[in-house]
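Please read the numbered points alongside the sequence and the model.

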Amino acid sequence: MRPGPIIALCGLAVAGAALNGCATLSEEQCVVGDWYGIGQGDGAQGRSHARLEEHIEACQRHGVTPDHLLYEQGRQQGLLSYCTPQSGFRVGRHGSGYDGVCPADLESDFLAGYSDGRLVHAVQSTYNEALNEEHRYLQRARDIEGQIRNEEAALGGPDLTDEQRRTIRGRIRQLRDDRDRALDYARDAQWRMRDAERELYALRARFAAYYGSW
């Protein structure tokens, strides 16, 4: 199985890069000028021909003009490893977009994998959202439990009036209701997580023969 596309990220800048913006290529890459290899790498990542415009801008400051023909030849070769069902599945599963770069004879297979991957991504997102909700509501319940203990300690104060005691007891009842409600929400999230886990298990079994383990 071919490796999936590597998504290049701009943001971890070396010294001085912030002054020049986020260049797609370094000075060395521009000067060496392996335009076929650069194009092939971009194609393997599912980049469109528009990526070349960014390379042109990056290399202009170094007095270098990319070779358009070699770049495009390399990009088309790189697309052969990108435009596969397995690659489409990985791209879709990671929630990445598709720029319509695949040739017509390869696109339908890529999109079939991409659609399957998007299905997995949707279920995984549901699981992650439920997991975050569970953590949030459990933390909320713990925080409220601490408030309840504080109010119960205050209730033992020797100088409280009857009215003050009634007020504190009222706050404790409300806090207990809030805590129980948070625990209910956490349990609801747990049920959604279990449902999503079952769906993911079923999808793994369904897609294993086509895309391998994931």
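1. The buried residues of helix H3 pack against helix H2 (27-32), helix H4 (51-60) and helix H5 (68-82). Helices (H or I, at least four residues) and strands (E, at least two) are DSSP runs, numbered from the N terminus. Buried means under 20% relative accessible area, exposed over 50%, and partly exposed in between, with a 1.4 Å probe and protein chains only.

2. On the basis of the note: this is a predicted model, in which local features need pLDDT of at least 70 and side-chain atom pairs count only at pLDDT 80 or more, while totals for chains, interfaces and linings use all residues. Residues are numbered from 1 along each chain as its sequence is written, and side-chain values use heavy atoms, with hydrogens and water left out.

3. Which residues of helix H3 (residues 35-44) are buried? They are Trp-35, Ile-38, Gly-39, Asp-42 and Gly-43. These residues lie on the same side of H3, because they cover an arc of only 135 degrees around the axis; the arc is that of the directions from the helix axis to the C-beta atoms. Just after H3, Gly-46 takes a positive phi of about 80 degrees.

4. The structure holds 2 disulfides, a disulfide being a pair of cysteine sulfur atoms within 2.5 Å. Such a link is a covalent bond between the sulfur atoms of two cysteines. Cys-30 and Cys-59 form a disulfide, with their sulfur atoms 2.0 Å apart. Cys-30 lies in helix H2 and Cys-59 in helix H4, so this pair ties together parts that are 29 residues apart in sequence. The torsion about the S-S bond of Cys-30 and Cys-59 is about -85 degrees, and the disulfide is therefore left-handed. Cys-30 is buried at a relative accessible area of 1%, and Cys-59 counts as buried at 0%.

5. A disulfide also joins Cys-83 to Cys-102, with an S to S distance of 2.2 Å. This pair links distant parts of the chain, 19 residues apart: Cys-83 is in the loop between H5 and helix H6 (85-93), and Cys-102 is in the loop between H6 and helix H7 (104-155). The link of Cys-83 and Cys-102 is left-handed, with -95 degrees about the S-S bond. Cys-83 is buried, with a relative accessible area of 3%, and Cys-102 is buried, with 7%.

6. Which residues make up the largest nonpolar core? It has 11 residues in all: Phe-89, Val-120, Val-123, Tyr-127, Ala-130, Met-193, Ala-196, Leu-200, Leu-203, Phe-207 and Tyr-211. A nonpolar core is a set of buried Ala, Val, Leu, Ile, Met, Phe, Trp, Tyr and Cys residues joined through side-chain atoms within 4.5 Å. H7 and helix H8 (162-211) are the elements that give two or more residues to this core, and the largest share, 6 residues, comes from H8. Leaving aside its neighbours within four places in sequence, Ala-196 is in contact (heavy atoms within 4.5 Å) with Val-123 and Tyr-127.

7. The count of aromatic pairs comes to 10. Rings of Phe, Tyr and Trp (its six-membered ring) pair if their centres lie within 6.5 Å; planes under 30 degrees apart count as stacked, over 60 as edge-to-face and the rest as tilted. Phe-89 and Phe-207 form an edge-to-face pair, 5.8 Å centre to centre with 70 degrees between the planes. Phe-89 lies in helix H6 and Phe-207 in helix H8, so the pair ties together parts that are 118 residues apart in sequence. Phe-89 counts as buried at 2% relative accessibility, and Phe-207 is buried with a relative accessible area of 2%.

8. The rings of Phe-89 and Tyr-211 have their centres 4.1 Å apart and their planes at 5 degrees, so this pair is stacked. It links distant parts of the chain, with Phe-89 in helix H6 and Tyr-211 in helix H8, 122 residues apart. Ring pairs link Phe-89, Phe-207, Tyr-210, Tyr-211 and Trp-214 into a cluster.

9. Arg-136 lies over the face of Tyr-137, at 5.3 Å from the ring centre. The charged end of Arg-194 sits over the ring of Trp-191, 5.0 Å from its centre. A charge sits over a ring if NZ of Lys or CZ of Arg is within 6 Å of the ring centre and within 35 degrees of the ring normal.

10. Arg-179 is found in helix H8. Is Arg-179 buried or exposed? Arg-179 is buried, with a relative accessible area of 18%. Neighbours within four places in sequence aside, Arg-179 is in contact with Ala-141, Ile-144, Glu-145 and Ile-148.
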